[in-house]
Amino acid sequence: MQQTIQIIQRGIDEGLHPGAQLFVSKKGTPPIALAFGIARPDGTPMSTNTRMVWMSGGKPLTAIAMMQQIERGKATLDTRVCDLVPAFAVSGKDKITIRHLLTHTAGFRGPLNSFTPGPWEAIIDRCCQLRQEPNWIAGEKAGYHVASSWFILGELVRILDGRAIDRYVREEVFDRVGAEDCSIGMDASEVRDDDALVVPDFAGNQIVDAWTVPRPPANARGPIAGLGKIYQSLLDHDGKLVAPETSRMMIQRHREGMFDETFKQVTDWGLGFKLDSKRYGVPEQYGYGTHASNQTFGHSGNQCSCAFADPQHDLVVAWCVNGMPGEVRHQKRQLEINTAIYNDLQLARD
């Protein structure tokens, strides 16, 4: 992994990030787990066991939780949200379905962000009160939902199962694949002095509701290898998380060739996963690199994380950095890291 290591280390030297974690698994070879630099400004070393914040890289956890409910017959992709959460029907949102939430075609993007203050119930109430955006027909227009739809998905899981989304994901997602020390949010008692801080850091590990309230859009955390294990399970269709037919369905193109009103480019989506979209011929934001195949599925976190699986190459990649240097520098960093991984593994296209 010489080229990849050099790029990550160069980022440390240039001040893009103080530290990083990398997990790479290629069928037929032992998984690679590496740590670089420091986790905190006080010089605490980064290790492969350090808990890092994944931001939106954790969104697929809630998609998996939702698909588990569908497998159990508690809902379908075409169940209307308001049939389970009656308060959601206001302001033109009565036709929005679970499918629309998972494909970012629902059309109630904001104003609301991942770290809007307040307890869970208050955030859900705010999501319910959001209006359908003007001239938006659910399923016929696309735009990445940073936060709103993912809080609603978490609430749907709570209603259908009875467990809060943080407990549910810990027991039914992380525990099933042996992803230790991973969670959505955390209790005050769980904070450790070696938890990584993001730089620039807006909340750090202070015990504020940004971290203690479960936030499916943004506050999943743990060693990045834990996220890698989830993608490995989905890539292998091993049935640990969802049935093989469900995992195959999740990574199909359920939204294809649609212009994304948030990213301002055409981007394809599965059910909760962003699919490789280089074929549309524009620089791809939060993409998986020059050599990723058309089948690649994954998700990235705001200027800090990226995880994906490439079925064509039997490859799983997950990495996280604790530096947010701005979108332009991060997009360059993400492209370089992901492309270097393929080069190091001799998977680059001719």
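This is a predicted model: local features need pLDDT of at least 70, side-chain atom pairs count only at pLDDT 80 or more; totals for chains, interfaces and linings use all residues.
Local features were taken only where pLDDT is at least 70 and side-chain atom pairs only at pLDDT 80 or more, whereas totals for chains, interfaces and linings use all residues. Residues are numbered from 1 along each chain as its sequence is written, and side-chain values use heavy atoms, with hydrogens and water left out.

Strands and helices are DSSP runs numbered from the N terminus (strands E, at least two residues; helices H or I, at least four), and two strands are taken to pair if DSSP finds at least two bridges between them. Strands of a sheet pair through backbone hydrogen bonds, either parallel or antiparallel. An open sheet of six strands, with antiparallel pairing, has the order β2-β1-β11-β10-β9-β8. Its edge strands, each pairing on one side only, are β2 (32–37) and β8 (274–275).

Within this sheet, β1 (residues 19–26) and β11 (residues 315–321) run antiparallel and are joined by seven bridges. Phe 23 has Ala 318 of β11 as its bridge partner, and Val 24 stands opposite Val 317 in β11. Strand β10 (residues 305–310) pairs with β11 over six bridges, also in the antiparallel sense, and Asp 310 has Leu 315 of β11 as its bridge partner. The two strands β10 and β11 form a hairpin with four residues between them, and Asp 314 in the turn has a positive phi of about 50 degrees.

A residue is called buried under 20% relative accessible area, exposed over 50% and partly exposed in between (1.4 Å probe, protein chains only). Seven of the seven residues of β11 are buried, so this strand is largely enclosed by the rest of the structure. In a regular strand the side chains alternate between the two faces of the sheet. In β11, Leu 315, Val 317, Trp 319 and Val 321 point one way, while Val 316, Ala 318 and Cys 320 point the other way.

Asn 322 lies in the loop between β11 and α11 (327–344). This residue is buried, with a relative accessible area of 1%. Its contacts (heavy atoms within 4.5 Å), not counting residues up to four places away in sequence, include His 17, Pro 18, Ile 38, Met 46, Met 52 and Leu 197. Ala 39 is also touched by Asn 322; the two are 283 residues apart in sequence and 7.3 Å apart in space, C-alpha to C-alpha.

A further open sheet has three strands in the order β3-β5-β4, with antiparallel pairing. Here the edge strands are β3 (52–55) and β4 (183–184), each of which pairs on one side only. Three bridges link β3 to β5 (residues 220–222) in the antiparallel sense, with Met 55 opposite Ala 220 in β5.

A nonpolar core is a set of buried Ala, Val, Leu, Ile, Met, Phe, Trp, Tyr and Cys residues joined through side-chain atoms within 4.5 Å. The largest such core has 71 residues, and Leu 61, Ile 152 and Ile 230 have the most contacts inside it. Ile 230 touches Leu 61, Ile 64, Val 173, Phe 174, Val 177 and Leu 241, leaving aside residues up to four places away in sequence. A second, separate core of 21 residues includes Ala 20, Ala 340, Tyr 342 and Leu 347.

Grid points are joined across faces, edges and corners, and a volume is the space filled by probe spheres set on the points.

The largest pocket has a volume of about 360 Å³. Of its 20 lining residues, Ser 56, Tyr 144, Val 146, Gly 301 and Asn 302 lie nearest its centre. Strand β9 (residues 297–301) gives the largest share of this lining, three residues. The second largest pocket has a volume of about 220 Å³. It is lined by 14 residues, of which Pro 283, Glu 284, Gln 285, Gly 287 and Leu 335 are the closest to its centre.

Two cavities of 30 Å³ or more were counted. The second largest cavity holds about 30 Å³ of space, and β1 gives the largest share of its lining, three residues.

Terms used. On a 1 Å grid over the protein atoms alone, a cavity is a set of points where a 1.4 Å probe fits but cannot get out, and a pocket is an open set with protein on both sides within 12 Å along at least five of seven lines; lining residues have an atom within 4 Å of a point.
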